[in-house]
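Thanks for coming. I will walk through one model today, and I will keep it short.

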Amino acid sequence: MKRHILPILFLSGILICFTSCNNDDDETDETGGSSAEISTPISAFDEFNPDSVTISFDGDEITIESNGLPNHTSPYWAPTDPLYIDPIVATHLTPGGIGSGSFILTVPSAPELAASSTATGLGPIGISVTGVPIFNDTEGPNRPLEEEIAESFDYAGAHNGPSGYHYHVESSDIPENTVLSHDDQQLVGIMADGFLIYGRKCNSIGDHPTDLDVSGGHRSSTQHSGEEEFYHYHIINEYYLGTLIVLFGGDLQGTPNTIM
């Protein structure tokens, strides 16, 4: 058995070391990955917006807490807010605006692929690096995203709803977008099953990966893992409603955890 010791983290006076075990005899699953995953690269959490997101580590668990306030401009901010801008992409806005909320997700430090996938539901299915929750490709029960709904998205691919401001689709490629991933390899966030999600391109090849599973997942190294390969998602490079690309429209391949 090979035992991989991941980087030691010194946080608030507490010394934390994550480890994971990979057995040479592990069977690979249909994604080409091993049933035993390595720990999530700790450096990935440096990408999260420190003004909105708090990351804490406790043994073999990681907790991500966010107030949902992004670090980018939007017409959904109050007009008096410094980050407010007039609509650039949206042709109409949904009621309400960006406000402080509470989103808490606790995941294993070494998430594993489940025996069967799990469909995502309404509401948050992940937390982005900006602190804004990630939603799937539906707007309500049995209601996929439609053109009218898409017209309410700001350049960040987000709009407001009953649970607050949230992302559905990839951000637009415009000068105002200085933070969010667009057809690149940037980290997008973390999903409810604990697996990270990256942009459309893969750091290991510098291009769109061709070995993704139905959920956009595969095993490879990333800019956060050195040469170590681990399972993670990508935004799938497929257009939806003409010019929009959904952040995550498939099933979760790991065991989902509740975002409270």
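Predicted model: local features only at pLDDT ≥ 70, side-chain atom pairs only at ≥ 80, totals over all residues.

Rolling a probe the size of a water molecule over the atoms shows where empty space is left. Here the count is two cavities of 30 Å³ or more. The largest cavity holds about 130 Å³ of space. It is lined by 16 residues, and those closest to its centre are Tyr167, Leu180, Ser181, Val188 and Leu247. Sorted by class, the lining of the largest cavity has 10 nonpolar, five polar and one charged residues.

The second largest cavity comes to about 40 Å³. Ten residues line this second largest cavity, and the closest to its centre are Thr40, Pro111, Phe195, Phe230 and Tyr231. By class, its lining has six nonpolar, three polar and one charged residues.

Next, the hairpin. Which way do the side chains point along strand 3, residues 53-58? They alternate.

To place one of them, valine 53 has serine 66 in strand 4 as its bridge partner. The two strands form a hairpin with two residues between them. In the turn, glycine 59 has a positive phi of about 65°.

Now the loops. Proline 87 sits in the loop between strand 4 and strand 5, the latter being residues 103-108. Is proline 87 buried, partly exposed or exposed? The relative accessible area is 41%, so proline 87 counts as partly exposed. Setting aside neighbours within four places in sequence, proline 87 is in contact with Pro75 and Leu93. Tyrosine 76 is 11 residues from proline 87 in sequence, and the two are 8.6 Å apart in space, C-alpha to C-alpha.

The other loop residue is serine 221, between strand 15 (217-220) and strand 16 (230-234). Why is serine 221 called buried? Because its relative accessible area is 14%, and the cut-off for buried is under 20%. Again leaving aside neighbours within four places in sequence, serine 221 is in contact with Cys202, Ser204, Gly226, Glu227, Glu228, Glu229 and His232.

Methods
Residues numbered from 1 in each chain as written. Heavy atoms only, no water. 1 Å grid on protein atoms, 1.4 Å probe; cavity = no way out; pocket = protein on both sides within 12 Å on 5 of 7 lines; lining within 4 Å. Points joined across faces, edges and corners; volume = space filled by probe spheres on them. Nonpolar A, V, L, I, M, F, W, Y, C, P; charged D, E, K, R; others polar. Buried < 20%, exposed > 50% of the residue type's maximum accessible area, 1.4 Å probe, protein only. Helix = DSSP H or I, 4+ residues; strand = E, 2+ residues; numbered from the N terminus. Pairing = 2+ DSSP bridges. Contact = heavy atoms within 4.5 Å.
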